[in-house]
Amino acid sequence: MSETAHPRTTLPVPSPATPGPPAEPADVATHCPYCSLQCGMWLRREPAGHLTVHPRDFPTNRGRLCQKGWTAADLLTSPRRLTTPLVRRHKGGSLEPATWDEAMERIAQGVTALQDRAGRDAVAVFGGGGLTNEKAYLLGKFARVVLGTSQIDYNGRFCMSSAAAAGLRAFGIDRGMPFPLADIADARALMLVGANPAETMPPFAQYLDAQRAAGGSLIVVDPRSTPTAQRATLHLRPAPGTDLALANALLHIAVAEGIVDRPYIAKRTHGFDEVCRSVAEYWPERAERLTGVPVADQYRAVRILADAPRSMVFTARGAEQHSNGTDTVSGFINLALALGLPGTPGSGYACLTGQGNGQGGREHGQKADQLPGYRRIDDPAAREHIARIWEVPAESLPGPGRSAYELLTALGTPAGPQGLLLLGSNPVVSAPNARLVERHLRALDLLVVCDLVLSETAELADVVLPTAQWAEEDGTMTNLEGRVLRRRKAQDPPPGVRTDLQVLAELSRRLGVPSGFSDVPQEVFAELRRASSGGPADYSGITYDRIDDRDGVFWPCPDTAGAPAPRRSDPAGAAHDTRTRDGTPRMFLDAFAHPDGRARFVPVRHTPPAEEPDEDYPLHLTTGRITAHYQSGAQTRRITDLMARAAEPFVEIHPDLAARHGIGAGDRVRVVSRRGSAEAQARLTASVTPDTLFMPFHWGGAGRANSVVGDALDPVSRMPEFKVSAVRLERMT
């Protein structure tokens, strides 16, 4: 790949109707509460007293918003939001309104009783990838210092963990996008693997459009013909669960055709020869039999990537949510490394993070094996550093705990936690094998849920605490680029509602830790900065004022002045580009984050899905998101305009398959697996193949797609295999 400077491509200016009127003096600059794009927006108080959303020309979205962003303020005044604590005063009873004092005392007494009876790990904590950095940090500290429990994980384990694990072993660090979004428009070849941003984060599509308008080629790897795939120059449609075989075949072709970047490989990587041997068995004809992707299309994809002066490879949930998801991502990273892409200006590999704070949420301590700054909890030096910040003995910090699904399915068992504090998640809808997870949640002696609405999980709780929404508190988020952003308070929460930080601070006091848990976001962030200092995800040079001044700051950012970074002679700085007032927008230009500065090829072998179709369950089911809803739908299903666009669950069925089952458009159907079933309306479309069904996972109840989904886990990341399950289809009478 060429490393010469290249002219910038100017993105199309949004149409005059898109940006809307300019900001007014009282408008509050903030960000959308949903996906990892974290689109900039203005919040304006109208004469009637409510807040409305107006587009903001921020670097990520450039004045554009999707349906969810435009309606984000509607939930602030929803009659369905919670404004008083709820307590279940006896098992089998109903949730009833309570005072904050009663609710908090119930929690404190319940936690104390459980831990006195069964030890510190009798109480667990479950967080979320939508929590601000401040909340994620304080939640992890609360678990380790106040509760003393090792049993903490979060729902990001279901979303980005496989790409994170693959990035760590290849590059030595995990920042999903090691370059800004603006660089995409300059790429002359772009491969998206298991990504559908045109539907799931529509403002992202402007970068795809700009890339194509400048003469670039787009390759989409997806079993479905999605809105993103319909934009593609080349659409590769592998059978569900065969992405890794395809990745190895593409690398096989690159090696056989002699189009790998040998100087780059020799200078910047290790392990290429072993990977060459491992992909020798994935010749194109064999890969076609495994994946269904024609040989000619395999060759064309490699040529598009190799011939372009600047190429990028992206992976997302479609590649990652498999029992071999980490290896699948490694397969595509191997391809990118062989072509000399990572760390080359204008080129690279990246992961499209999904949740709003999916990047920051996996950096600061709410993961089972992690301490703040992306430190490992089993690293003695990391434990000593964090213990000094927290003013506790290092030996008092618990070790690694269970991963998310393993934690959820240990709840209520003799060897597992008997109590759970849950923030920012709705696992009754979002977890795999959801019927089993629901049974474990029901078996708890104490379930505490902090939420803004009565979600399906909150309905099972013993105590529900009403918490503030995104526009009612300050904080920071880290978007898919690694850009740390400010979420700004536009109004106070309703009477009776508290912030998550206030909840954690008050619980800490009641559980015997009267200090060290501020409920002021700026104070928590100041402590997070100190805790992250010197770690892989170093935020120590980031301040609220600096974020305000620079439209966000990219980590790592270890200095407040934006001085030039150390170069190769300093291992702590060798992994990063020259730092500026913006932090580190582009990583790996000089070296990778491994001690020797080199990236690692990782040999990987294709393995079939944990569950393949058979006579009883002859079809594949794959799941995903749609434009109108987000994650478990706890928020979006309570917004009238979004429900008008997608009111109920559906299943996409190929017309030929529907005809064989006597199913017409709009009929009620049942999708059945070995774990359970889900009911939905039939939607006939050729966007899926005749052997595959697609269901969105935004609904609970009878339409809960995750009742069907399997629970096989990736051995490295512990991510469940959401993307392929064996099912049968039934027409309901």
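**Strands and helices of a predicted model**

Q: Which residue in β21 is the bridge partner of Val 484?
A: In β21, Val 484 has Val 553 as its bridge partner. This is a predicted model, where local features need pLDDT of at least 70 and side-chain atom pairs count only at pLDDT 80 or more, while totals for chains, interfaces and linings use all residues. Residues are numbered from 1 along each chain as its sequence is written, and side-chain values use heavy atoms, with hydrogens and water left out.

Q: What makes β20 and strand β21 a pair?
A: Two strands pair if DSSP finds at least two bridges between them. β20 and β21 (residues 553–554) have 2 bridges, in the antiparallel sense. Strands are DSSP runs of E with at least two residues; helices are runs of H or I with at least four; both are numbered from the N terminus.

Q: What lies on the other pairing of β20, with strand β19?
A: Strand β19 (residues 475–478) runs antiparallel to β20 and is joined to it by 4 bridges. Thr 478 stands opposite Val 484. The hairpin of β19 and β20 has 4 residues between the strands, and Gly 482 there takes a positive phi near 85°.

Q: Why is strand β20 called largely enclosed?
A: Buried means under 20% relative accessible area (exposed is over 50%, partly exposed in between; 1.4 Å probe, protein chains only). In β20 (residues 483–487), 5 of the 5 residues are buried, so the rest of the structure largely encloses this strand. Both faces are covered. Arg 483, Leu 485 and Arg 487 are buried on one side, Val 484 and Arg 486 on the other.

Q: Why are α3 and α18 called roughly parallel?
A: Angles under 35 degrees count as roughly parallel, over 145 as roughly antiparallel, 65 to 115 as roughly perpendicular and the rest as oblique. The two helices pack at about 15°, with axes 10 Å apart. That makes α3 roughly parallel to α18. The crossing of α3 past α18 is left-handed.

Q: Which residues make the contact of α3 and α18?
A: Contact means heavy atoms within 4.5 Å. From α3 come Glu 134, Lys 135, Leu 138, Leu 139, Phe 142 and Val 146. From α18 come Asp 500, Leu 501, Leu 504, Leu 507 and Ser 508.

Q: What makes β5 and β7 edge strands?
A: Each pairs on one side only: β5 (95–97) and β7 (152–154). Their open sheet has 7 strands in the order β5-β4-β18-β17-β16-β6-β7, with mixed pairing. Strand β4 (residues 86–88) meets β5 in the antiparallel sense over 3 bridges. Val 87 stands opposite Glu 96 there.

Q: What is the order of the open sheet of 3 strands?
A: The order is β1-β2-β3, with antiparallel pairing. β1 (28–31) and β3 (51–55) are the edge strands, each pairing on one side only. Strand β2 (residues 40–45) pairs with β3 over 5 bridges. Leu 43 has Val 53 as its bridge partner in β3.

Q: Which strands does β25 pair with?
A: Strand β25 (residues 668–672) pairs with strand β26 (residues 677–684) in the antiparallel sense over 5 bridges. A hairpin of 4 residues joins β25 to β26. Val 671 has Ala 678 as its partner in β26. β25 also runs antiparallel to strand β28 (residues 725–731), with 4 bridges. Arg 670 stands opposite Glu 730 in β28.

Technical notes
Axes fitted to C-alpha atoms, helices over the stretch in contact; angles between N-to-C directions. Left-handed = near helix turned anticlockwise from the far one by under 90°.
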